Amino acid sequence: MAGELYQLIEDEDKESPAWLKAHRSQLARMWTFFLGALILSIVANLIQVSQYRKMKIKCAELRRSTKLTFQGNTEYSSANETRADGLWDDISTGIGAITLTKQFAESHGLLDASPFPWANNQGVYFVQGFHEMHCLKTIRKSLAQHTHNIPQSRSASHIAHCFDVLRQSILCAVNDTPMPVIAGRVTGDGQVMKCRNWKQLEEWVSEPERSACYRFVDEYREVPINGSLIERYAFCGNDSLYFDTMKRFFEMWGHQSLFG
């Protein structure tokens with residue numbers, strides 16, 4: 001009986017109409033196409049992941065290995081404004097400007113930057129942590145000027161820009177540390193966090209071959225259109241790889257006013 005059934009099925013397949021055979025052939029081609037496309041997609045994604053890993057931006061390579069206790073209030077928020085102002089003003093942010101070769105930038109997934117004035121084939125980059133700190137200082141100064149009815153030294157557009165810088169940076173960093181809510185205390189007060197080391201970043205940007213010899217001069221003051229921005233790059237130390245080039249430039253052309 002089994003042999004007869006097998007023979008019947010086999011005969012039925014042989015006698016299938018031409019349209020059914022064509023349909024089966026079309027289905028086979030479609031499956032071949034989809035499987036091929038799936039394999040190509042997987043291969044393309046693997047290549048993309050591999051390239052991303054190669055292009056991953058790893059510069060100072062700081063690790064979250066420093067324990068820091070969060071404090072609800074510090075001297076930086078002291079009621080003694082003179083003391084607090086001095087502490088905030090002492091935070092150096094201009095050192096965050098560094099110079100990198102085009103080869104380094106390309107290998108680390110960085111965009112081309114404006115040319116560094118003291119070396120060919122190098123660009124100027126501002127390490128984001130220092131940009132964020134600069135913005136925080138600028139917003140704080142604006143708030144203090146508003147509180148004491150002092151004319152604003154920075155434009156409203158610059159302050160808005162700084163708020164947006166901090167917004168984007170917070171979204172990028174996404175600090176997921178659960179901070180305890182304790183009655184009568186600032187949220188998170190006393191909680192130990194694992195952080196990157198700010199001092200290590202200061203050391204990294206200050207290396208003689210990396211520092212762009214940059215200072216804001218006056219961090220809270222707008223530079224007019226006719227200001228000489230080259231003056232911000234006039235702070236190469238004697239150990240800088242770019243000191244001699246900088247010195248020759250200013251000996252030849254002299255110094256101009258940064259603020260017009």
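Leu 258 counts as buried, because its relative accessibility is 6%, and the cut-off for buried is under 20%. The structure discussed here is a predicted model. Leu 258 is found in the segment after α8. Leaving aside residues up to four places away in sequence, Leu 258 touches Phe 216, Val 217, Val 223, Pro 224, Gly 227, Ser 228, Leu 229, Glu 231 and Arg 232.

**The chain as a whole**

The protein chain has 260 residues, of which 27% are buried. Its secondary structure consists of 8 helices and 4 strands. Along the sequence these elements follow the pattern α-α-β-α-β-α-β-α-α-β-α-α. Among contacts between residues at least 6 apart in sequence, 68% join residues at least 24 apart. The accessible surface comes to about 18400 Å², and carbon and sulfur atoms account for 58% of that surface.

**Helix packing around α5**

Two packed helices are described by the angle between their axes and the distance between the axes. Helix α5 covers residues 128-147, and helix α3 covers residues 81-89. Their axes come within 11 Å and cross at roughly 150°. The two helices are therefore roughly antiparallel to each other, since the cut-off for that label is an angle over 145 degrees. The crossing of α3 past α5 is left-handed. In this contact, α3 contributes Ala 84, Asp 85, Trp 88 and Asp 89, while α5 contributes Met 133, Leu 136, Lys 137 and Arg 140. By class, these residues divide into 4 nonpolar and 4 charged, with no polar residue.

Helix α5 also packs with helix α7, which covers residues 198-205. Here the angle is about 110° and the axes are 11 Å apart. For this reason α5 and α7 are roughly perpendicular to each other, a label that applies from 65 to 115 degrees. Gly 129, Phe 130 and Met 133 in α5 meet Trp 198, Leu 201, Glu 202 and Val 205 in α7. This contact has 5 nonpolar residues, 1 polar residue and 1 charged residue. Met 133 of α5 takes part in the contact with α3 and in the contact with α7.

Arg 63 sits in the loop between α2 (18-55) and β1 (66-69). With a relative accessibility of 67%, Arg 63 counts as exposed. Setting aside residues up to four places away in sequence, Arg 63 touches Cys 195 and Arg 196.

Thr 69 belongs to strand β1. Thr 69 has a relative accessible area of 39% and is therefore partly exposed. Apart from residues up to four places away in sequence, Thr 69 touches Gly 190, Gln 191 and Val 192.

| Pair | Separation in sequence | C-alpha to C-alpha distance |
|---|---|---|
| Arg 63 and Cys 195 | 132 residues | 7.6 Å |
| Thr 69 and Cys 195 | 126 residues | 9.7 Å |

Gln 122 is in strand β3, which runs over residues 122-126. Gln 122 counts as buried, because its relative accessibility is 13%. Not counting residues up to four places away in sequence, Gln 122 touches Thr 99, Leu 100, Thr 101, Ser 114, Pro 115, Phe 116 and Tyr 242.

**Two residues with positive phi**

Most residues other than glycine have a negative phi. Asn 149 is not a glycine, yet its phi is positive, at about 55°. Asn 149 lies in the loop between α5 and α6 (156-173). Its relative accessibility is 72%, so Asn 149 counts as exposed.

Cys 213 also has a positive phi without being a glycine, with a value of about 60°. The place of Cys 213 is in the loop between α7 and α8 (243-253). Cys 213 has a relative accessibility of 1% and therefore counts as buried.

Key. Residues are numbered from 1 along each chain as its sequence is written. This is a predicted model: local features need pLDDT of at least 70, side-chain atom pairs count only at pLDDT 80 or more; totals for chains, interfaces and linings use all residues. Side-chain values use heavy atoms; hydrogens and water are left out. Axes are lines fitted to C-alpha atoms, for helices over the stretch in contact, and angles run from 0 to 180 degrees between N-to-C directions. Angles under 35 degrees count as roughly parallel, over 145 as roughly antiparallel, 65 to 115 as roughly perpendicular and the rest as oblique. A crossing is left-handed if the near helix is turned anticlockwise from the far one by less than a right angle, and right-handed if clockwise. Contact means heavy atoms within 4.5 Å. Ala, Val, Leu, Ile, Met, Phe, Trp, Tyr, Cys and Pro count as nonpolar, Asp, Glu, Lys and Arg as charged, and the others, Gly among them, as polar. Buried means under 20% relative accessible area, exposed over 50%, partly exposed in between (1.4 Å probe, protein chains only). Accessible areas come from the Shrake-Rupley method with a 1.4 Å probe; for residues, only the protein chains shown count as cover.
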